[in-house]
Amino acid sequence: QVQLVESGGGLVQPGGSLRLSCKGSGFTLDYYAIGWFRQAPGKEREGVSCISSRSISTYYTDSVKGRFTMSRDNAKNMVYLQMTSLKPEDTAVYYCVREALKDCSGYTVEWGQGTQVTVSS
């Protein structure tokens with residue numbers, strides 16, 4: 001059974017940091033690009049970042065560039081999103097997503113259940 005399970009969300013003050021983790025199972029993680037998406041209340045889902053299968057390429061949406069860093073450990077079937085200098089507008093449910101190809105394409109195949117990130121004082 002293919003699964004993506006996120007963890008690491010929580011409540012953090014503005015300017016704080018969190019690291020989200022995503023564990024994949026039921027498929028060979030290093031065959032695919034992995035992305036992080038988020039959805040805030042009342043807003044459309046948006047792509048946050050993506051990393052290619054062998055970590056050669058990494059992409060970020062403009063609003064998180066310089067603050068978020070995505071990485072992966074294929075040997076552990078793990079993907080991470082290090083978030084720093086968090087802002088209230090980063091508040092959302094964050095989803096780990098398996099893409100269809102080795103390179104980031106936006107074609108999503110599998111979604112995790114999501115983890116809530118709340119940035120508030």
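This is a predicted model: local features need pLDDT of at least 70, side-chain atom pairs count only at pLDDT 80 or more; totals for chains, interfaces and linings use all residues.
**View 1. The disulfide between Cys 22 and Cys 96.** Here the two sulfur atoms lie 2.0 Å apart. This pair links distant parts of the chain, with Cys 22 in strand S3 (residues 18-25) and Cys 96 in strand S9 (residues 92-99), 74 residues apart. The torsion about the S-S bond of Cys 22 and Cys 96 is about -80°, so this disulfide is left-handed. Are Cys 22 and Cys 96 buried or exposed? Both Cys 22 and Cys 96 are buried.

**View 2. The disulfide between Cys 50 and Cys 104.** In this bridge, the S to S distance is 2.0 Å. Cys 50 belongs to strand S5 (residues 46-51), while Cys 104 sits in the loop between S9 and strand S10 (108-111), so the pair ties together parts that are 54 residues apart in sequence. With a torsion of about -95° about the S-S bond, the disulfide of Cys 50 and Cys 104 is left-handed. Cys 50 is buried, at a relative accessible area of 6%, whereas Cys 104 is partly exposed, at 23%.

**View 3. The pairing pattern of the bonded cysteines.** If you number the bonded cysteines of the chain in sequence order, the pairing reads 1-3, 2-4.

**View 4. The aromatic pair of Phe 37 and Trp 111.** The count of aromatic pairs comes to four. One of them joins Phe 37 and Trp 111, a tilted pair with 5.0 Å from centre to centre and 55° between the planes. Phe 37 lies in strand S4 (residues 34-39) and Trp 111 in strand S10, so the pair ties together parts that are 74 residues apart in sequence. Why does Phe 37 count as buried? Its relative accessible area is 16%, and buried means under 20%. Trp 111, at 30% relative accessibility, counts as partly exposed.

View 5. Ring pairs connect Phe 27, Tyr 31 and Tyr 32 into a cluster. Take a moment to find Arg 98 in this view: its charged end sits over the ring of Phe 27, 4.9 Å from the ring centre. Arg 98 also lies over the face of Tyr 32, at 4.2 Å from the centre of that ring.

Note on methods:
Residues are numbered from 1 along each chain as its sequence is written. Side-chain values use heavy atoms; hydrogens and water are left out. A disulfide is a pair of cysteine sulfur atoms within 2.5 Å. Helices (H or I, at least four residues) and strands (E, at least two) are DSSP runs, numbered from the N terminus. Buried means under 20% relative accessible area, exposed over 50%, partly exposed in between (1.4 Å probe, protein chains only). Rings of Phe, Tyr and Trp (its six-membered ring) pair if their centres lie within 6.5 Å; planes under 30 degrees apart count as stacked, over 60 as edge-to-face and the rest as tilted. A charge sits over a ring if NZ of Lys or CZ of Arg is within 6 Å of the ring centre and within 35 degrees of the ring normal.
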